[in-house]
Amino acid sequence: MTPPKTAEYIISRLGDIKNNQKILDPCVGPGIFIKKLIEFGVAKNQIFTYDINSSFKSEIEPLGVSFKAQDTLIALYPDSYNEFDFIIGNPPYLNKASAYVRKNKLKLRKIYGKINAHETYAMFIVNSIWRLKEGGKLGFITSDSFLTLSTHKKLRKFILNNCIINEILLAPKNLFSDQKVSTSPVIVILTKCSGQKNKKIRENNVIRIIPRVNNEDDYQSPSHVNELRQIKYNSLPFNIFYTNVDEEVIELFEKAPKLEEFLKGFIGMHTHNNRKYIAAIEGTELAEVFKNRNIKSNDSSKKFNIIERKVFETGKWKPYLKRGGADQYYRPIMEALDWSEESIKIYDIPKNVPFEEEGIIISGVSSRLAARYMPWGCYWDSNKAIGFIKKKSMSITYMLGLLNSSLYNYLAKGIINNTSSIQITGVHALPFIEPEYEIKEKVEIIVKSIIKNKEKNLKYDYNKEQKVIDDVIFSFYARKFKFPNNLKQKLDQEYSIYCN
Ligand SMILES: C[S@@+](CC[C@H](N)C(=O)[O-])C[C@H]1O[C@@H](n2cnc3c(N)ncnc32)[C@H](O)[C@@H]1O
């Protein structure tokens, strides 16, 4: 249930409610918002409520307002469009795996498929924007994941094309903690302002952005309020609704060429049976793990393969990369792919992928952006280790230094994707400035030395060298884009390898 102060705040952000205007709570539950509206003096005949659960009827109707038991997401009739002046609420958070979404999959896909809205809260946002009149206002408390996750790109585009975003307030993390809801909430206030004719008005709108507050008492006078012109949300990759990004960084995304022009990633191959076709190479850490597992397992059909190094070097095996993780710069090849004619026939090897070229491996699953050198001759798997091949005469060693820097960790993990996965499209969307000669040389020398040292000793501590790379890269970009000084502090504290 929505805490009363949060409901009060949302209502306070709607502005004046005139006595001929209609206001809807599309998923009313026990009616927290409705009770507050009545307290604020809104006439009962202006208030409309829906809920899928008809048992709320006996709680809501005695308040004197209209209640309809219906599935708001599916019950959309032609006259449901452009009907309300205000819509408020706390939409349910049910994901793709929920019984509700699974049961209604086809119907929901028909209505919301184009906007790719999977979770019910995302569908409620779309549904409510449709139900609003032009100029009408929406105030929701909901999960903040739609602000940044790449899966919600189309929803963000839909909002940008149809609304003025008045306010985004990151509500307290623990707001719903007593109800076992583990999402971090956001309050969003939108005004419907759709169509091509209103494009300029939307773009020129200044959004009021309030970074995460600690408790509900901070809503009315938060310690920070950022302002951002709405057009800026068109510039960040995937139209991310970022709430804490410096304008100068947005400008970097706007103006710099994309990394994709210099470095291109490719989804790798499938063996369909890794246990059968992939072997650990004797002497590696992985061979030890396999040996131990084999000792424990009695089932000989489930044994893990281990091959001797000299067998690996016969050409009947190819080096294979399939692991994520945060290792940077260098990791020894630990796996080999069976390259006999009969086995190759089984594999799915995409034709357009330049396997065997020298390049860079970026972890697809990692807490930070982690790039490693990929020697000639390698094949790679389809998601945990992603192979990238340079397109222009760019230096691989410079790229490694750049991608492993705190600035790029921030751009990739802090801005583009704040989950533990990294996608090719996300890496491609990073900005890239061609380095000046001295910058490039400086970074290359350090990277070569880190790789050499890691080859000798995998646990080699390169914090000091990394700090120099971080400083060189940051000051080069900061000079071009006038980054504020406190950004460097934030990178050192939150995005560097030496921060924890
Ligand atoms: C998170 S509760 C919010 C309740 C109340 N508005 C509040 O803020 O305390 C979500 C409500 O949505 C209702 N609901 C879930 N799916 C619905 C749907 N498809 N259509 C209408 N109501 C739905 C649930 O029955 C529940 O009462």
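Domain bounds come from an automatic or database domain assignment. This is a predicted model: local features need pLDDT of at least 70, side-chain atom pairs count only at pLDDT 80 or more, and totals for chains, interfaces and linings use all residues. Numbering starts from 1 along each chain, as its sequence is written.

**Exercise 1. Find the domains and describe their contact.**

Step 1. The assignment for the protein chain gives domain 1 (4-244) and domain 2 (263-495).
Step 2. Their C-alpha centres lie 41 Å apart.
Step 3. Take residues as in contact if their C-beta atoms, placed from the backbone, lie within 7 Å. The contact then takes 6 residues from domain 1 and 7 residues from domain 2.
Step 4. Sort the residues by class. Ala, Val, Leu, Ile, Met, Phe, Trp, Tyr, Cys and Pro count as nonpolar, Asp, Glu, Lys and Arg as charged, and the others, Gly among them, as polar. The side of domain 1 that touches domain 2 has 4 nonpolar, 2 polar and no charged residues.

**Exercise 2. Trace the sheet of 9 strands.**

Step 1. Helices (H or I, at least four residues) and strands (E, at least two) are DSSP runs, numbered from the N terminus. Two strands pair if DSSP finds at least two bridges between them.
Step 2. Read the order: β3-β2-β1-β4-β5-β7-β6-β8-β9, an open sheet with mixed pairing.
Step 3. Check one pair. β4 (residues 84-89) and β5 (residues 132-143) run parallel over 5 bridges. Isoleucine 87 has leucine 138 as its bridge partner in β5.

**Exercise 3. Trace the sheet of 4 strands.**

Step 1. This open sheet runs β10-β18-β15-β16, with antiparallel pairing.
Step 2. At the edges are β10 (263-266) and β16 (371-374), each pairing on one side only.
Step 3. Check one pair. β10 and β18 (residues 385-390) are antiparallel and joined by 4 bridges. The partner of leucine 263 in β18 is lysine 390.

**Exercise 4. Describe the shell around the ligand.**

Step 1. A residue is near a molecule if its C-beta atom, placed from the backbone, lies within 6 Å of it. Of the 19 residues around the ligand, Thr2, Cys27, Gly29, Thr72 and Asn90 come nearest.
Step 2. Two or more residues come from each of α2 (32-39) and β2 (47-51).
Step 3. By class, the shell holds 9 nonpolar, 7 polar and 3 charged residues.

Technical notes. Contact = placed C-beta atoms within 7 Å.
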